[in-house]
Each structure stands twice: as C-alpha cells, then as structure tokens.
Amino acid sequence: MYRKGIMLLLSMLLLAGCWDERLYKNASVVTLVGVDGYIGAYKGYYAYPNTAAQQNEVIEADGISPRDVRNQANLKVEQTLDLSELSTILVSDQTVREPLYDILDIYFRDPQNPISIKIAVTEGDVKPFIELTKDLAGGAGGYYERFMESTEENTIFPKLDLQTVGSMLFEQTIDIALPYIQLSEDKKHAVAAGVALFSGQTFTGTILTPKQSLTMLLLMNQPSKQARMSYMWKHDGKSMPITADVIHIKRQWTVNEELKRIDMDYLIEVEIEEFAHDHLYKDPVFKEVQQLIQDHVQGEFEEVLRILQGQQSDTLGIGRYIRAYHPKMFQKDWPAIYASLQLVPSVQVKIIRTGVLR
Amino acid sequence: MNFSLSKAQFFLLLFIIQTGVVYIAFQTPLIIYSQHSAWYVFFLASIFHYGLLLFFERYYQFFFLNGFFRWVYLIYWLLITAVLIAYMGYVLASWVLPRTPEWIVVMMIVGLSLYANLVRPETIINIGVMLIPIIFLFVIFLMLAIPDLTWSNLFPVEWNNTRQIMAGMIHSMYAFFGIEMYLLYRPFLKQDLQVKGKPLLIYQLVIFIFYFISVVFTQMFFALEEVQLIPEPIMYILKSQEVNFVKRLDIFFIYIWLSWSIVTVMIYGLSFRVLYLSKKRKHPKRSIVFFHLLLAILPLFVMQFQRIEFIKNSIHYVLIVFTILLPMMIICWNKWRGKRVS
C-alpha cells in the first residue's frame, strides 16, 4: 500500500514542470525590443537571431499596448517570441513624452522577463536603430548592451538597468536620465549623444550633451572607470590641449533650510593624461593648469545644475538627500521646490598624478 | 507521543516554523505601514518578541490545554497550514509554474508532509538540518544587491509617530509566526538542558539578524511607492541580480524557499500530531491521513489573488490572538488554578 502511494507521489513529482516546459528550440529568442508610438497606437520591433542565415530577423507589429504589440508580432513569426534573453529596450524620444512606466509594466509583471537589462532613448524613430543590427553576426540586443556598457565606463551614460529605472520612476525624490543615442552620418552605427532628462515619468525634451552628461555624473559622484575632460590651455600665444582623468571625488553638501540653499562642495582629484607642453614639475605651470581645469569644471557644474533645475529634473537625487536628512524642508510637491532651490557648487581640483612623465 | 529534543533540535524547529513561508513576503506590509521607520519598528518588535520568549520560557509549564483549547489549536493549525499551502501554491504559480495545475502542487506538498508525518517524529525534527546551508546561501546571494542599495531610504525615522509605530508593530507579527509552538515543544526538551539565559538570547539574535537583513535590504532596494506593488520583495531582489551561472536566480531560490516552507508544513503536521495524540486515540494514523486530506482540499479554495490578499491583510490579527493573547490567557488561568503540564 505504502509502496504504491510512494510510486504515485514520485510519478506526480516527475509530472510537475511538464506544463511549464519551454524549450529555446521552439521559440524565437528576442534580444532587442524597440518601441514607438503611444497608448492605443504602439509600434513594436523585435530582433532575434536567425542562426541559419547568420543574421538578425526583425519583426514589426502594431497594437494598442506593448503586450498587444507582442501578440500581433506572434502572428507573423514561425515560432512564438520569447523575451527571456532580452538584453536591451530602445524607446523613441516621442514615446517617452508619455509616462515611461506604461511601456515597462509588462517587463516588471512577467517573471520570465529579465529586469537587469539596458534601456535607451533614440533620436527619432526606433526602426533604423533596430535595422542596423540586421547584418550583425551576434545578438542585436548584445550590440546595444555592449555599446551602453562601454559608454557607462567612460562616464557618459549613468549605470542603470531596468530595475533601477523602475525604482526611480516610482520616486518623487529622484529623476532618471536615460542614455540617448543617435545614428551616425552613414546610418551604420549608433552614437552616444548624451542623456535624456526626465522629470517624473516623462521625458522633458532636453538632452545633455556627452560632456554635460559627464559633468552630471561627477555631480552625482559617480565617476566610472574613465572620466576624461579635455580643455585648451593658452600660454604664450599658443594653444595646448590638456586631458585630465578623474580619480576620486569627495562631495559634501551643506543645507541651509531657512534660505533653501545648498552649498555643494566638491574636491576632484585628477590625473593628467595629455599635456604635450610637459614641465608640470614647475610650480607655476602646475598651478596654472590646475586652476584652468578647476575654472572649467566650476563653470560646467553651474551650467548643468542650471539646466537640471530649469527642467525640474532631479537626477542628482537632491530630493532623496533632503527627505532623509532634512525632512522639514522636504515637501510633497518636490519638483517645484527643487527648481527654486539655491544650488551653489564650489569645485576644487587637485592634480594628484601626471602619468609616467613629469 | 514519546520523543525528546536537544537544544539545537528545539531551536532549529522554532527557527523553521517562524521563518518558513513568510520570510520572502512579510517585509511588504511592514514597510507599507511603518514607511521609513520600518527598520526601527522591527527592532522594537524584536525586543517585544524576546520578551515574549522569556515569558514563555518562564511559564511554559502552565500551558496546559484542556479539551476545548486543544481543539481550538488543532483547528487553528489546520487552517493556518491550509493558508500557508495556498500561499505557497500561489507564489509558485506566479513565479515559476503558471501552467501546472494548482492541485498537483498542493498534492505534492501535502504528500511530502503526509509521508513525513507517518514515520517517526525524529524525521521531521532532523530534516531541518538539511536546510541550514541553503538558507545560508539565501542570505549570501542577497548580499549581491548591496551595490544597488540606497542608504537614505532608511531615513527619516519618525520617532514620535506612534500611529505609524503601532501599525508597524502589528504588521511585524508575521515574524512571530508560530511562536506558540515554543510552548508545545518546550516540555519535550531533555530535562537537564537549560534554555533560559544565553541560549535563548542567541536564538533571538539569530532570528533578529536574519529578519532584520531582509527588512533593511527591502527598504533600501525599493522606493516606498514601489514596494507597495511588490508582494515578494526578497524574490524580486534576487531576480534583479545578474550572475553568470544561471539566467534567473529567483527560480533557484523559489525552490529553496519551497523546500524550506514544506518543512514548515511538516512541522505544523507534527504539531497537530503531538497535540492530537497527547490523548490516547484509537486510530492515530487515520487521523493524520484525515488531517492531510483536509490540507489537500482546503487550500484549493484560497488560491486566488483577492482571497490571498484578504488573508494577507488580516491574518496578523489572528496571529495576535493565537500566538500572544490566548497563550498568555491560558498560562495565567492555569497558574491561578495551579495546573501544570505533566
């Protein structure tokens, strides 16, 4: 009797999972998704590898919602689309004028969708960005993923994935800045064009250039592997380029609740990576170069803060800081308060290394 | 029933009862109700928990259940176990087995519990040892999320907001799940063993740290507005981690949690067995089978979103009655009458 019972139980154990078996050989494994349009009239693009032809297939479909678009796309493929290997989502700059979460809900709700993936905003329609991956031998999503990761390492794009973006979309105290990409002139490559500023869940329409984006990331104290800044040094009627790489940043914010003023002190330690004039061992040259970089960075900090406040885009997370450590100053209508704050940056640059030359 | 417990077995049994099933989900209601103060409120709740343990240790001899209260607890455990199984089935259906019929999942869980409860009680008592390394893995993999944590989410703490603190304390009850079992199993501890003092404090510290990590991580990982949408935050944190050896870390841990929760169900079955057979019965095995038959049927009525939500939003009040108030009342009543557990 017991033996029979055990056998029955074991056979049930073997049965479990059959209903939920999903084999990659029976699916079109999508690695890149593109979204255009708005609620009620979305257009979606799905790129998946065609191993026989050694290239990527792109399927296009229309629908009233992102999920509906996928259903419509399934009607056009020989094997159902499977997004479990998705690595990048591209969204057009027009689409993100509407709340971003509307198109992301399906990725958070369905556990089969990965959430540690990249997301970027494209200049204009998504279609040409998806189509340029057609002839790639590797995965289409992998191309954009590698592209964004390398730009993150150069401190142009912030380090973000879908989960961190989703988390910030729900917070009033911090805004997102998503990677913004353009097509190259020959339309064959993607180009990092800076970051798209958001206020709440919607795109403000303002783009920070790569240089401004780097400055924003320095303000956020998030320098990545390389954070290079280049300036022209004018000396004795000659111009000479200087490139400095940020090594460390020390940041201190002092809040005056009554005046609604934040003094933002930054100490930036840099290494000189390019300076053909040399002779940095000479004190006057060293000090002049150091002062030049400091003045430029100071100006850039002021400019970027002005843009961020003007767009009510709190990408620095000043709201988070104020809510946590100065709760009396924090109010529900944070974006308006943020825009009216007096943000006073003060930058001190220190050259701590000069490479292997003096 | 005749068995005895060592200190390690006793505390392991308690640890699994308290943490199984609820560990992946109890953070959400706590954070919703106590907001940024959740970590501090949980700290206060843990002090209360320790006080309760000390009280139980001092007066456990007076937890004598007469016929009526014996049936009250038998029915309570039956219903609680059914709810736990329903929740396990629901979570499995949401995360990994959406197409598998729910009754198969329930049958598997109940079948394992039935098998374990038809053999010697030592099987259930010792099976928890198997879980120690995998529970440890759970915490280690949670640590992968450290770079994504936002420390400022822990502040501001509203020390004076008594309403928030009270609401948080009540919703911390999920962490006290099954603590009344202390009174049930304490008399089975080998007689020369001491629990009060250092052993009890160590147990309290272990369970506090284990739970506290999960509360703090959830608070720092999710925005307050976001956590309201996420019923199993620990699973979500694990899902968002990228590792080289597996695409979806959450599936790996769902099964760890499942095995951990199945042992909890087994222990509830053992508790039923211990209490029911504390009086001599004619057909003990038949009653155990009947108990499991009910466990296989009842959860099927609950495995729906709205019903699960209703239970999650109200079960803490039931817990207050059966894990705190009723044991205290029974202890006080028996102490006054001088009636002890033999």
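The structure is a predicted model.

**Helices α5 and α14 of chain B**

- The crossing in which α5(B) passes α14(B) is right-handed.
- On the α5(B) side, the contact is made by V106(B), M107(B), V110(B), S113(B), L114(B), N117(B) and L118(B).
- On the α14(B) side, K285(B), I288(B), V289(B), H292(B), L295(B) and A296(B) take part.
- Sorted by class, the contact of α5(B) with α14(B) holds nine nonpolar, three polar and one charged residues.

**Helices α4 and α15 of chain B**

- Helix α4(B), residues 67–95, and helix α15(B), residues 305–337, have axes that come within 12 Å and cross at roughly 150°.
- This angle makes α4(B) roughly antiparallel to α15(B).
- The crossing of α4(B) past α15(B) is left-handed.
- From α4(B), the residues in this contact are F69(B), Y76(B), V83(B), A86(B), Y87(B) and Y90(B).
- From α15(B), the contact residues are I308(B), I311(B), F322(B) and I330(B).
- The contact of α4(B) with α15(B) comprises 10 nonpolar residues, with no polar and no charged residues.

**Contact between the chains**

- In the model, 24 residues of chain B are in contact with 22 residues of chain A.
- Two elements of chain B, α5 (102–118) and α11 (224–227), each supply at least two residues of the side that touches chain A.
- α5(B) gives the largest share of that side, namely four residues.
- By class, the residues of the side of chain B that touches chain A are 11 nonpolar, five polar and eight charged.

**Helix α7 of chain A**

- Helix α7(A) covers residues 210–219, and eight of its 10 residues are buried, so α7(A) is largely enclosed by the rest of the structure.
- The buried residues are Q212(A), S213(A), L214(A), T215(A), M216(A), L217(A), L218(A) and L219(A).
- These buried residues pack against the strands β8 (177–183), β9 (190–199), β10 (202–208), β12 (238–256) and β13 (261–275) of chain A, and against α8 (283–310) of chain A.

**Sheet of chain A**

- Four strands of chain A form an open sheet with mixed pairing, in the order β11-β12-β13-β14.
- The edges are β11 (228–235) and β14 (342–353) of chain A; each has a single partner strand, so one side of each is left without a neighbour in the sheet.
- On average, neighbouring strands of this sheet are turned by 35° against each other, direction ignored.
- β11(A) pairs with β12(A) in the antiparallel sense over eight bridges.
- The bridge partner of R228(A) in β12(A) is D245(A).
- Helix α8(A) lies across β11, β12, β13 and β14 of chain A and runs at about 150° to β14(A).

Notes. Residues are numbered from 1 along each chain as its sequence is written. Chains are lettered from A and ligands numbered from 1 in the order in which they are written. This is a predicted model: local features need pLDDT of at least 70, side-chain atom pairs count only at pLDDT 80 or more; totals for chains, interfaces and linings use all residues. Two residues are in contact if their C-beta atoms, placed from the backbone, lie within 7 Å. Ala, Val, Leu, Ile, Met, Phe, Trp, Tyr, Cys and Pro count as nonpolar, Asp, Glu, Lys and Arg as charged, and the others, Gly among them, as polar. A crossing is left-handed if the near helix is turned anticlockwise from the far one by less than a right angle, and right-handed if clockwise. Axes are lines fitted to C-alpha atoms, for helices over the stretch in contact, and angles run from 0 to 180 degrees between N-to-C directions. Angles under 35 degrees count as roughly parallel, over 145 as roughly antiparallel, 65 to 115 as roughly perpendicular and the rest as oblique. A residue is buried if 20 or more other C-beta atoms lie within 10 Å of its own, exposed if 12 or fewer, and partly exposed in between; C-beta atoms are placed from the backbone. Two strands pair if DSSP finds at least two bridges between them.
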